[in-house]
Amino acid sequence: DINKLQNNLLVSHAVGVGDNTPDVIVRIIILLKIISFTKCNSGISLDVIEALISFLNNDYLPIIPLKGSVGASGDLAPLSHMALALTGVGNVKHNGKLISSKEAFKKISLKPVKLGAKEGLALINGTQFSTAYGVFCLTRLKDLFKVCDLTSAMTIEGLKGSKKPFLDYVNKVKPYKGQMDTCKNIIAILENSEIMDSHKNCDRVQDMYSLRCIPQVHGSSRDLLYFSIKQINTEINSVSDNPLVFESEDKIISAGQFHAEAVGHSLDIAAMAVASLSNISERRIFSLLKGDYELPDFLVDNPGLNSGFMMLQVTAAALASENKLLSNPSSTDSIPTCSDQEDYVSMAPYSARKLFDSINNFEAILSIELMCACQAIDFRKGLKPAKILNILHKLIRKHIPFLDKDRLLKNDIDLLIKLINENYLLNKINKYISII
């Protein structure tokens, strides 16, 4: 009955619900499973690994429902849906269309896998669902942190803020790595600015916190990101199924490597960083629109007749508020399962999914701040911003014109989100400056 048990495990555990996991995440799940198996502690045949490789290389993606895992004995439900496809059960997606997994095997001239002892268990144990989200989200966040520094520098220019809080010797007295990296970015971005030079001798004593404390807020958020990346890199290159096979010791040992606590903690911490950056970005948007420092109310001529960017701040506020809730950790929660055998679970899958949602919100907030900051720069007529920001401003104006009177801004937001999401802006800027 050992072989029969393997198929029973897959069928009985494939009880996920909800929308399907995005294709990009499914690809990473498969790759992570391959990496884990090649560590040679899972007791699995080469046939299974080769089937996974063939599915990945030919882009046959198992349909994996999003919900139904507590991240305890591995991501059991989602990985069961993945594993069933290897046995010829269920559907896969290919080129945007659904086909049966049996048909997929025919197209790649392979036969569905016949599971032997331990193989079903090895396939459904593991943290690959949660970790795949971590890989995708943290990779996106690395780029969004760079965009965040670029955007906040544009806002500093738009509000005629000071760069003194970012000076190297000022921050060496509180030398957190993230803080120092943020300041290096901002100082480099603000080089050669006519706007900055124009108010060297102004009577403003200090800027609002959302400008002056960028080193501390962006910096600490960076440190959380650095920690999360370190943890997820460890998880990527680990074995996370059960039981573990140690050939050199002639031992098979049941342990708890499937438990995703480290992943859950890491992704919850990343969500806190995203919430902080979302909050401070929204505050900068508010400052740009309130009509201070020679800027018109709502960044538009004839305010009253025109609402300008007024409602964009409302949208940013809504998204920032949502990200506050999404930053509440799920890894501090637990609910016993499996007749109390799994009496303490990680809830990492939800940590992963809510981080994904919060990053989408953050991307939109940054797009709004960047739109507003570019509009503020246009009101500094006759004065150019820093060289890098001038390049960025022209890139944006190539796609999104100055707002001289009310128009439908939804299209502008969506376009700028796309330019950020596809790294169009960052790739262009990378030709002129190296942002950490």
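How many aromatic pairs does the count come to? By the rule used here, the count is six; rings of Phe, Tyr and Trp (its six-membered ring) pair if their centres lie within 6.5 Å, with planes under 30 degrees apart counted as stacked, over 60 as edge-to-face and the rest as tilted. Take Tyr133 and Phe356: their ring centres are 5.7 Å apart and their planes stand at 85°, so this pair is edge-to-face. It joins distant parts of the chain, as Tyr133 belongs to helix 7 and Phe356 to helix 15 (residues 348-378), 223 residues apart. Helices here are DSSP runs (H or I, at least four residues), numbered from the N terminus.

Please keep in mind that this is a predicted model, where local features need pLDDT of at least 70, side-chain atom pairs count only at pLDDT 80 or more, and totals for chains, interfaces and linings use all residues. Residues are numbered from 1 along each chain as its sequence is written, and side-chain values use heavy atoms, leaving out hydrogens and water.

Tyr133 and Phe356 are both buried, meaning under 20% relative accessible area with a 1.4 Å probe, protein chains only. Ring pairs also tie these two into a cluster with Phe129 and Phe136.

Now look at Ser130, also placed in helix 7 (residues 128-158). Ser130 counts as buried because its relative accessibility is 0%. Beyond its neighbours within four places in sequence, Ser130 is in contact (heavy atoms within 4.5 Å) with Asp75, Val263, Leu267, Ala348, Pro349 and Ala352.

Finally, Arg204 lies over the face of Tyr293, 3.8 Å from the ring centre, and the charged end of Arg283 sits over the ring of Phe286, 4.5 Å from its centre. Such a placement requires NZ of Lys or CZ of Arg within 6 Å of the ring centre and within 35 degrees of the ring normal.

Definitions and conventions: Helices (H or I, at least four residues) and strands (E, at least two) are DSSP runs, numbered from the N terminus. Buried means under 20% relative accessible area, exposed over 50%, partly exposed in between (1.4 Å probe, protein chains only).
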